[in-house]
Amino acid sequence: MASSTEILEPNLTSTTENEEVRGGSYESKLEDKMVGLGYNDDDKYPSGEFEFKVPSAWKSMVVKLRMLIAWQRVRKNSVLNIKLRGKISDQLKSHFSSGLSLPQICENFMKATYDPRISGVYLHIESLKCGWAKLEEIRRHILDFRKSGKFIVAYATQWHEKEYYLGCVCDELYTPPSAYFSLHGLTLQATFVRGVFDKVGVEPQVQRIGKYKSAGDSLIRKNMSEENREVLIKLLDDIYENWVDKVSQANGKKKEDIESFINEGVYQVEMLKEDGWITDIKYDDEVISMLKSRLGIAEKKKLPLVDYKKYSRVGKWTLGLSGGKDKIAVVRSSGSISRVKGSFFPPSSGIIAEEFIKKIRKVRESKSYKAVIIRIDSPGGDSLASDLMWREISLLAETKPVVASMSDMAASGGYYMAMAAQTIVSENLTITGSIGVFTVKFNLEKLYEKIGYNKEIISKGRFAELYSETRAFRQEEEKLFAEKAQNFYKQFRDKAASSRSMSVDEMEEIAQGRVWMGGDAASRGLVDAIGGFSRAVAIAKHKASIPSNKKSNIQKW
């Protein structure tokens with residue numbers, strides 16, 4: 001079985017359990033740390049913070065005229081119904097695709113903010129499968145929507161910490177008496193399959209460069225390394241402290257009270273109401289009746305709900321939210337990195353370098369765009385593919401401002417792409433960095449013996465059988481295998497050092513395959529600014545000398 005050099009980071013799964021917080025809000029401690037290290041992005045970059053402006057009479061009239069000719073109709077006094085459940089993609093979805101799209105969720109909130117036909121939002125929240133950075137982006141848009149004065153009511157039937165992180169910033173939060181809920185804390189976990197390999201006769205021969213590069217641990221270890229444990233504890237501390245801090249602000253509770261509630265192991269829904277975690281206990285039909293009453297709709301009539309899919313087809317032009325002559329290109333890239341598309345690859349199966357490079361070249365050659373945003377949500381993947389994309393982004397950055405906006409994860413190959421941009425923006429809890437290398441060859445000799453399979457190889461050349469799966473490495477082969485991995489690590493690290501204006505020794509201190517949360521990455525120079533996509537747009541406009549109060553035309557690739 002041939003080897004491939006990977007710079008892929010393992011999945012980190014969060015469930016429930018609690019971790020101690022050591023005083024002071026997460027954000028304030030992070031800010032203190034950054035200032036102490038001489039880092040303050042507010043002095044250098046625009047915030048991109050949303051400011052609600054009441055439309056003028058003229059603009060309101062223009063919008064009403066546009067709504068008359070728009071093909072997608074929405075009834076007056078409608079309520080936007082968004083159901084957040086399952087996976088949330090960072091890519092745009094077509095009208096015929098299933099699943100949720102982060103950019104479309106955020107755009108719907110923005111449109112609803114200014115849409116005179118929308119009276120409020122009814123948000124259904126169930127179990128979510130996404131990272132904390134995406135949650136932060138949605139949470140920010142909920143808070144921005146509230147600035148309009150319209151209501152946003154949430155209804156949650158099955159929820160844990162992630163779902164509550166969104167629900168607690170809505171005007172009201174309701175849950176049925178039979179709700180499945182769990183607010184018991186957080187965990188991160190890692191799985192190991194070395195014991196399975198030993199039983200079936202498979203020997204993974206791994207080279208990983210960087211003492212914190214844990215991608216190969218699941219293959220060669222039966223338990224967690226001390227280095228990996230150190231990193232996971234730090235990540236968990238950051239996530240937990242941020243959650244407690246933000247929930248404390250939203251609920252107006254002391255952090256000590258929140259932690260006490262978590263550690264009590266509460267399971268009765270009634271306790272949530274008594275302690276002020278939810279607004280009230282209601283079924284969905286009762287919430288709908290309440291909304292009808294609020295909007296002056298007769299009980300016998302239906303509540304005019306417009307669902308997420310339908311509202312996604314409402315154009316921003318209709319609401320006067322698009323326009324502007326200055327174009328900014330947005331190139332989105334999500335998933336594991338491969339060089340070319342395989343025969344059996346499903347659509348949207350990750351970042352295909354060959355396709356990504358074509359887009360970048362078209363954007364570079366076009367004179368229409370004043371700036372470019374590379375949106376990244378990736379754990380890494382193929383090293384060659386990552387380097388080829390890095391090269392194209394670097395060439396693009398020579399012709400126009402390029403901003404990297406990182407979503408849930410920009411680790412290994414994902415960060416390799418980002419570091420080619422002139423400015424890197426991440427959320428506080430974006431998994432960042434992992435500047436390291438992992439490569440593996442599987443020796444299947446014992447497995448073949450067990451199942452009675454035989455393969456004979458005739459070769460010419462000293463290292464012709466380097467990647468043969470029929471036997472273990474010879475000493476000289478193992479040395480070459482290690483040297484190749486070390487060589488790529490040096491390329492990765494040295495390019496990172498150059499792009500971040502550090503010496504190689506300085507970069508080595510924070511590389512070694514270690515992942516950082518966005519806030520810690522910023523304080524160490526791996527990230528320039530903390531924020532979401534709107535901040536990336538504001539920075540791109542600033543770099544391209546587009547006035548902040550002037551509309552720009554965001555072109556999606």
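Are R375 and E137 buried or exposed? In this predicted model, R375 is buried, and E137 is buried as well.

The side chains of R375 and E137 form a salt bridge, with a distance of 3.7 Å from N to O. R375 belongs to strand β17, residues 369–378, whereas E137 belongs to helix α4, so the pair ties together parts that are 238 residues apart in sequence. R375 and E137 also take part in a network of salt bridges that links them with D90, R140, R332 and E427. The count of salt bridges in the model comes to 39.

Let us stay with helix α4. Two packed helices are described by the angle between their axes and the distance between the axes. Helix α3, residues 102–114, packs with helix α4, residues 132–146, at an angle of about 5°, and their axes are 9 Å apart. Because angles under 35 degrees count as roughly parallel, α3 is roughly parallel to α4. On the α3 side, the contact includes L102, I105 and F109, and on the α4 side it includes I138, I142 and E137.

A second pair of helices follows. The axes of helix α13, residues 353–365, and helix α14, residues 383–397, come within 10 Å and cross at roughly 5°. This makes α13 roughly parallel to α14. Among the contact residues are F356, I360 and R361 of α13, together with L388, E392 and L396 of α14.

Which residue forms a salt bridge with E392? The partner is R361, and the closest N and O atoms are 2.9 Å apart. E392 lies in helix α14 and R361 in helix α13, 31 residues apart. E392 has a relative accessible area of 6% and is buried, while R361, at 40%, is partly exposed.

A salt bridge may also lie within one helix. D238 and K234 meet at 2.8 Å, N to O. They are four residues apart in helix α8, residues 226–251, and are therefore separated by about one helical turn. D238 counts as buried at 5% relative accessibility, and K234 as partly exposed at 25%.

Next, consider helix α20, residues 533–543. Eight of its eleven residues are buried, so this helix is largely enclosed by the rest of the structure. Among the buried residues are F533, V537 and I539. Just after α20, S545 takes a positive phi of about 60°.

W58, M61, L65, L68, I69 and W317 make a nonpolar patch of about 730 Å². W317 sits in the loop between α12 and β14 and is partly exposed, with a relative accessible area of 44%.

Notes. Residues numbered from 1 in each chain as written. Predicted model: local features only at pLDDT ≥ 70, side-chain atom pairs only at ≥ 80, totals over all residues. Heavy atoms only, no water. Patch = residues over 30% accessible without salt bridge, like charges linked within 9 Å, V, L, I, M, F, W, Y side chains within 5 Å. Areas by Shrake-Rupley, 256 points an atom, 1.4 Å probe, with all protein chains shown as cover. Salt bridge = Lys/Arg side-chain N within 4 Å of Asp/Glu carboxyl O. Helix = DSSP H or I, 4+ residues; strand = E, 2+ residues; numbered from the N terminus. Buried < 20%, exposed > 50% of the residue type's maximum accessible area, 1.4 Å probe, protein only. Axes fitted to C-alpha atoms, helices over the stretch in contact; angles between N-to-C directions. Parallel < 35°, antiparallel > 145°, perpendicular 65-115°, else oblique. Contact = heavy atoms within 4.5 Å.
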